[in-house]
Amino acid sequence: MQGAVKYIRIARAILLMIKLTAPSGKVTIDREERDRARRYNRQKEQLFLIGLLISWVAGALFVFSGLAASVRRSATKLAGRGIKGQSLAVVFYSLLSWVFSLPLSFYSGYILEHRYHLSHEKIPSWLWDHVKGLGLGLGLEVPGANLAYAVIRRWPRAWWVILTGLSLPFTVLLAQLFPVLIAPLFNKYEPVRDEQLVERLKALAAKSGIHVASVMQMDMSRRTKKANAFFAGLGPTKRIVLADTLIENFTPEEIEVIVAHEMGHQVHRDIWRGIAIGTLFTFAGSYTLNRIARFILRRFGGKIGTTSLDNVATLPLLGWILSFVGIVLMPIQNAYSRYIEREADTYALDLTKDPESFASAMERLAALNLSDPNPPALVKYVLHSHPPIIDRVDHAREYARDHGLPVPEPMQPY
Ligand SMILES: [Zn+2]
């Protein structure tokens, strides 16, 4: 389950920490750079696919060979039948999954990033992040699984409805706590020193009617060349966070449009819309999970080593089924995400009236993040949460024409 990393990803999605990985505009990118970007993205996608297939095959072997059940029996021998034994089983499953996925994580998240000069992180620091991730993952998974199995035992028919209901306040709480408690474990946050920039962004926030407590920067450059910006916190703790790489590499106008895009998410209440839609997906997903899990346990319980869903030995089976459900839901979630991203882009253009800086910011992001501005359609529909950069630049061009503003150069396809 890649422990913490997974939770960071989830929390990022919750916070709509916008991954501005779409390039566009008029920063000149030469042919060699383009080829590099294309190769990088194809390799990332292949690795995603390989990782998925490996985890499905390994997961099936682990569950249907009875190995998962024997891990549970070992935990029972060591710590008893009660909550201790159950917790220990969850720890074993998490550790096994973490160790198993480590080589591919290392290849994708370390070797590949270094090969393409996107990262300059050292191995100990990379590993330490993963260990912290594991710790954080266990901190959430152990109580989470204990609660889930208690609910399954108490309400064997309606558990999936109750857990979906419980996930809602938990998600809201995590969104609140993430910037305060979790994010500082992975990055250092401090106030932006450039007073002029802070004033500009506060003025922009005032223009859009958003209350901002502070403008912070995070030391993203410690690990990567990639750049990013997002809003963190809800209510009175709301702050703008800029990657230091963004401050270093982008003009103030470009930073403004990027932050204006994030303001679009705020004004449109995308966090809440995201949580609402996410709850619908959780509802559909957990219904499907319940049906499929019960079918499999009835049919293959002998091989698995248990027929009852309330046995924690079914946790790997549930995770295995969920990864299929997740893949089916992914294109729908991403289609929704691309739709709200387009809306935020329009908001940024409305607020700044600066399509040229929008386009050049996109192009700079593309160059910096080595993103594929024009991915194959299938890749876009399944994997991309943001419209391709080339579409975003075209959108800015269209906006400029409609509003009588200077029209940015089109972006050349890679
Ligand atoms: Zn966005």
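Me: What makes residues 1-26 a stretch to treat with care?
Reply: pLDDT, the predictor's confidence in each residue from 0 to 100, stays under 50 over residues 1-26. Where pLDDT is low, the predicted coordinates should not be read in detail. The model has 106 contacts beyond four places in sequence for this stretch (contact: C-beta atoms, placed from the backbone, within 7 Å). The mean pLDDT of the protein is 89, and 92% of its residues reach 70 or more. This is a predicted model: local features need pLDDT of at least 70, side-chain atom pairs count only at 80 or more, and totals for chains, interfaces and linings use all residues. Residues are numbered from 1 along each chain as its sequence is written.

Me: How do you know that E3 and E4 pair?
Reply: Pairing needs at least two DSSP bridges between two strands. E3 and E4 (residues 239-243) have 4, in the antiparallel sense. Ala-229 stands opposite Leu-242 in E4.

Me: Why are E1 and E3 at the edges?
Reply: The open sheet runs E1-E2-E4-E3, with mixed pairing. E1 (189-191) and E3 (229-232) each have a single partner strand, so one side of each is left without a neighbour in the sheet.

Me: What makes the 42 residues a nonpolar core?
Reply: A nonpolar core is a set of buried Ala, Val, Leu, Ile, Met, Phe, Trp, Tyr and Cys residues joined through C-beta atoms within 7 Å. Buried means 20 or more other C-beta atoms within 10 Å of the residue's own. The largest such set has 42 residues, with Ala-229, Ile-240 and Val-259 among those with the most contacts inside it. H12 (355-369) supplies the largest share, 8 residues. Val-259 touches Leu-201, Leu-204, Ala-229 and Ile-240, not counting residues up to four places away in sequence.

Note on methods. Contact = placed C-beta atoms within 7 Å. Helix = DSSP H or I, 4+ residues; strand = E, 2+ residues; numbered from the N terminus. Buried ≥ 20, exposed ≤ 12 C-beta atoms within 10 Å, placed from the backbone.
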